[in-house]
Amino acid sequence: MRIGMIGLGRMGGNMARRLMKAGHQCTVYARSAGSRQALAREGATEAESLADLVEKLIDKPRAVWLMLPAGEITDETVETLASLLEPGDIIIDGGNSFYKDDIRRAKRLAEKNILYIDCGTSGGIWGIERGYCMMIGGSREAVDRLDPIFAALAPGEGDIARTPGRENGDSRAERGYIHAGPSGAGHFVKMVHNGIEYGLMQAYAEGFDILRNKDSKDLPESERFVLNLPDIAEVWRRGSVISSWLLDLGAAALAKDAQLQNFSGYVQDSGEGRWTVEAAIEEAVPATVLTTALYARFRSRQAHTFGERMLSAMRLGFGGHIEGKESLDPAPATTETAPPQGSR
């Protein structure tokens, strides 16, 4: 298939590469000419503007995928595309927009008979190799039409054992993507995914902080242990019930530097953790762990513990988020270089 890709940062560019590797044709646009030209050298068709991109999508109905930061820039791009596209065309927001914005955009585009898909996308900087887990919202017509695109981006079944009892279930879930429901459902599921991620990361961070401080002078000397954190992380990766990819990333960081001295402990939140807590409040659902994990990130900006350096190390591992000592004041996100809010 031929598809347009707008936003060529750490995820958008690699998604275009994965699609081209699978035989799809990508027409690409970003404000940075350098990022467009880099992908053009790899086989993509470069567009110099949104209008140029739409014109070069010669196969109709068209499909245009956005990988932009949530908020104003995505809204502006959707509005511009709405004036350029034709009935039956599809806009896909693969960033991490707020799900209520998706509902609003879908209604607005339906007035012009333009289809809208919200696609919560997980995979971070490793997605080009591992594939992208996708949670998709929108009409069945639009989602089914783009199934070859989703299938190419997804991880596939791999070597993960089939869950007992799923023999008659939707095989797309086993390949790494789902049609979650109507407009907004995809980003809502991804939002909760990121809220859970906050909680998991915080649990690892606090656990390793407790391990590290077992040699504290505040303890009786007979109860002090100097523990090898890289070895503990490594052994937990192998057969432990708390093994996970996040632990893999933490183990890799500890293997390089057991003290994590290159990390400041200043931990950003992407916005999706806040939205998850807001949803819990709206639904009157207690979300103690997720809320506490969000507050822990707020606190990290005032004082930094080893646990917070562990959080920073994991964020660097999966998403390329730089939170070293030299970046206590993070640079503002740009369309071309920053991942969409909440990308993992």
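Student: Which residues of α4 are buried?
Tutor: Please keep in mind that this is a predicted model. In α4, the buried residues are Ile73, Thr74, Thr77, Val78, Leu81 and Ala82.

Student: And what do those buried residues pack against?
Tutor: They pack against the strands β1 (2–6), β4 (63–66) and β5 (90–93), and against the helices α3 (50–56) and α5 (99–110).

Student: How far apart are the end C-alpha atoms of α4?
Tutor: They are 19 Å apart. Helix α4 has 13 residues (72–84), so at 1.5 Å a residue it should span 18 Å, which agrees.

Student: Back to α5, then. At what angle do α4 and α5 pack?
Tutor: The angle is about 10°, and their axes lie 11 Å apart. Because angles under 35 degrees count as roughly parallel, α4 is roughly parallel to α5.

Student: Which residues meet there?
Tutor: From α4, Thr74, Asp75, Val78, Glu79 and Ala82 meet Arg104, Arg105, Arg108 and Leu109 of α5. The residues of this contact divide into five charged, three nonpolar and one polar.

Student: What is Met134 in contact with, leaving aside neighbours within four places in sequence?
Tutor: Its contacts include Trp65, Cys119, Phe150, Leu153, Tyr177 and Ile178. Gly120, Thr121, Ala154 and Gly176 are also in contact with Met134.

Key:
Residues are numbered from 1 along each chain as its sequence is written. This is a predicted model: local features need pLDDT of at least 70, side-chain atom pairs count only at pLDDT 80 or more; totals for chains, interfaces and linings use all residues. Side-chain values use heavy atoms; hydrogens and water are left out. Helices (H or I, at least four residues) and strands (E, at least two) are DSSP runs, numbered from the N terminus. The expected span of a helix is 1.5 Å times one less than its number of residues. Buried means under 20% relative accessible area, exposed over 50%, partly exposed in between (1.4 Å probe, protein chains only). Contact means heavy atoms within 4.5 Å. Axes are lines fitted to C-alpha atoms, for helices over the stretch in contact, and angles run from 0 to 180 degrees between N-to-C directions. Angles under 35 degrees count as roughly parallel, over 145 as roughly antiparallel, 65 to 115 as roughly perpendicular and the rest as oblique. Ala, Val, Leu, Ile, Met, Phe, Trp, Tyr, Cys and Pro count as nonpolar, Asp, Glu, Lys and Arg as charged, and the others, Gly among them, as polar.
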